[in-house]
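Here are my notes on the model, point by point. Please read them with the structure open.

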Amino acid sequence: MQRAVGSLPLGPALRARLAAAGFQTAQELLDTGPCGLSREIGISKEEALEALQVVRQECSGDAARTAGGAGTTRKCTALELLEEEQAQGFIITFCSALDNILGGGVQLTKITEVCGAPGVGKTQLCMQLAVDVQIPECFGGVCGEAVFIDTEGSFMVDRVADIAAACVQHCRLIAEAHQEEDHQKALETFSLESILSHIYYFRCRDYIELLAQVYLLPDFLSEHSKVRLVVIDGIAFPFRHDFEDLSLRTRLLNGLAQQLIIIANDHKSAVVLTNQMTTRIGQSQSTLVPALGESWGHAATVRLIFHWDKSQRLATLYKSPSQKESTIPYTITPHGFRDVQPPAVTQNTESTEMNPRKRPRREEEK
Amino acid sequence: MAAKKLRRAKLPQELCERLSRYQITTCQDFLCLSLLELMKVTGQSYRNVQKLLCQVSLACAPKMQTAYEMKVRRSVNPSSAFLSTTLHSLDEVLHGGVPCGSLTEITSPPGCGKTQFCILMSVLATLPVSMGGLDGAVVYIDTESAFSAERLVEIAGNRFPAYFDSDEKLFCMTRSIHLYRELTCDSVLKRIKSLEEEIISKKVKLIIIDSVASVVRKEFDTQLQGNLAERSNFLARGASLLKYLAEEFSIPVILTNQITTSLSNGLAIPADLVSPADDLFLSEVSGAPGSGKKESGCVTAALGNTWSHSVNTRLILQYHNLPTRQILVAKSPVAPFSVFFYTIEKSGLVLQD
């Protein structure tokens, strides 16, 4: 009630007039009433009424916050956070080595960035995750839906259909091996059509469409509350050309990062971004570094870099608050993103290693 | 989309006028400002500005489709998803052929057959759908003046003798291939911008640019300061225009590129390797046996890293043992690395089994 007038979210012209008229606290405004206000400042009665409604909303919001209600800022102890984190799911990637170095998989409520040279498998991983997020809980998934924002046009529906079919097949084999009732029930709804129907695809042609889409995303996610994964495939592409004003680009990217963090937290979903690599010409050699500059590196919580070593694809965990840096090999099969098969195993095996915490190991059948 | 005027975003008239006093007329200007700046220019409260932002975003944002809808649409019209190259094993690996709606790049050292491949694809695009073609016109942007109409007729006559049995059919086919000779980067970009109307009026089903690298490398010397950035800018703009055309009309776009060695004044760029296909196969062929080949410089596709990100499929042609050559699938969202051997005959490219 004692809130200063200058801090209220009114239009700046209105605030200037209120200050000139000598109003200092919100309480004074509320006491004056709309007619008095309009007379004193010289605005119309409707405008005065609107202003007072805004003030009232703000003040009641303040009161609720100080009373410890469900406001936007919450206090909790680290113990509560620990319990929350442990109960949270991960989105598995079907490559157990990658899941291991990530600490279980792609984490919800965090932003994960995947950088890599062209053709190394970033879009493949994104498509795999869009399918994996829908795995039912009894099989170790988070049973969510996916939003796929594509800026490069590399989303291939046929490929996603192949990956989804392989995933359904995998779950079917697990259900057969374990014969539990909830497995069977989950399998009824987990089919190719349902997987594809729950991937919401947006094609953004330039950075303005991308910005607009991210502004609208919170409303979309409120309507589709089961979404647990937001993928932006190619956050670098729209920002890397036609930008003379680099400071504008940095500002837009920072704003984007902020909004994505809010979305990840409020809707308990994982945000996965893919970035390109650019060549930095140094003194005596040039190296590949992630694009979009140094300051963008701070936006993501977890950063993975995919690269080649001769003909082997490798993934390096470059930045993570809880796991240590390591590099693992992976491969891309017709079924999707997988581990590299160890040489002792015969070629025609179907098995992929599973995260032992989430699902029991399946014995070799062939 | 970005240049959409705010009036068309259904903002109230007085607000648009007020904003135009601050030079904010398009959605792009509006969305690039922060919330506080917007409050200042519109003179509205925080909540109203948020509502305005949502309204303008709705005017710009893309439409949502589910993956299922996309799949259904593709399966309803399967023949329009690919342009078959009639090179059987290559088509199999690529799940049908050159994909529609995305950019495909053909890269090779000089003389391996890029232009031959392009001429072959032009013939194929004009064929009726029953024969695996797209039954449409072709836009061929030639920057090297390498297109030969005689060769075109020769390939058509030898590859499909049953179909092109009369002169009239040949003339009909040649009439649907529109050739443009552009010799500078600017004119290429202008031509690409003008393509949207041409595609609709002439019912174009294939765009070929032969070659992007020659015109870019002529004009941009990357040794000079600032040219690298300008070149990337030009390429990125061209790529996004072509992607828009490819997706909007669901047609394939074929571009050709050249091979380059790394910078010769000692600056080794092993990091510029796009994929192991570039490193392994190319240096095997072009270098001497032994470890010397890696040190003398790696051979990679030209035009840099950013360009490699923009193309969706990359095919590399190389020499093998003359007259045999090989074609590699180096980057593709649906195909793994594969190598096929071919020769160049009267009827164009012929795969060897």
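1. Buried residues account for 54% of the 353 residues in chain B. Buried means under 20% relative accessible area, exposed over 50%, and partly exposed in between (1.4 Å probe, protein chains only). The model is predicted: local features need pLDDT of at least 70, side-chain atom pairs count only at pLDDT 80 or more, and totals for chains, interfaces and linings use all residues. Residues are numbered from 1 along each chain as its sequence is written, chains are lettered from A and ligands numbered from 1 in the order in which they are written, and side-chain values use heavy atoms, with hydrogens and water left out.

2. Chain B has 15 helices and 13 strands. These are DSSP runs numbered from the N terminus (helices: H or I, at least four residues; strands: E, at least two). Take the contacts in chain B between residues at least 6 apart in sequence: 65% of them join residues at least 24 apart. Contact means heavy atoms within 4.5 Å.

3. How do α1 and α3 of chain B pack, at what angle and how far apart? Helix α1 (residues 13–21) and helix α3 (residues 35–42) of chain B pack at about 105°, with axes 9 Å apart. Axes are lines fitted to C-alpha atoms, for helices over the stretch in contact, and angles run from 0 to 180 degrees between N-to-C directions. α1(B) and α3(B) are therefore roughly perpendicular, a term for angles of 65 to 115 degrees. Leu15(B), Arg18(B) and Leu19(B) in α1(B) meet Lys40(B), Val41(B) and Thr42(B) in α3(B).

4. Now the interface. The contact takes 60 residues from chain B and 63 residues from chain A. The two chains bury about 5300 Å² between them, with 64% of it on carbon and sulfur atoms. Buried area is the accessible area (1.4 Å probe) that two parts lose on being put together, summed over both. Cys32(B), Pro62(B) and His309(B) supply 11% of the area that chain B buries against chain A, more than any other three residues.

5. Check the backbone at three loop sites. A cis peptide bond joins Asp210(B) and Ser211(B), with omega about -5°. Ser211(B) lies in the loop between β7 (204–210) and α11 (212–219) of chain B. Thr86(B) is not a glycine, yet its phi is positive, about 60°. Thr86(B) is partly exposed, at 34% relative accessibility. Ser145(B) also has a positive phi, near 55°, and sits in the loop between β5 (137–142) and α8 (149–159) of chain B.

Conventions
Angles under 35 degrees count as roughly parallel, over 145 as roughly antiparallel, 65 to 115 as roughly perpendicular and the rest as oblique.
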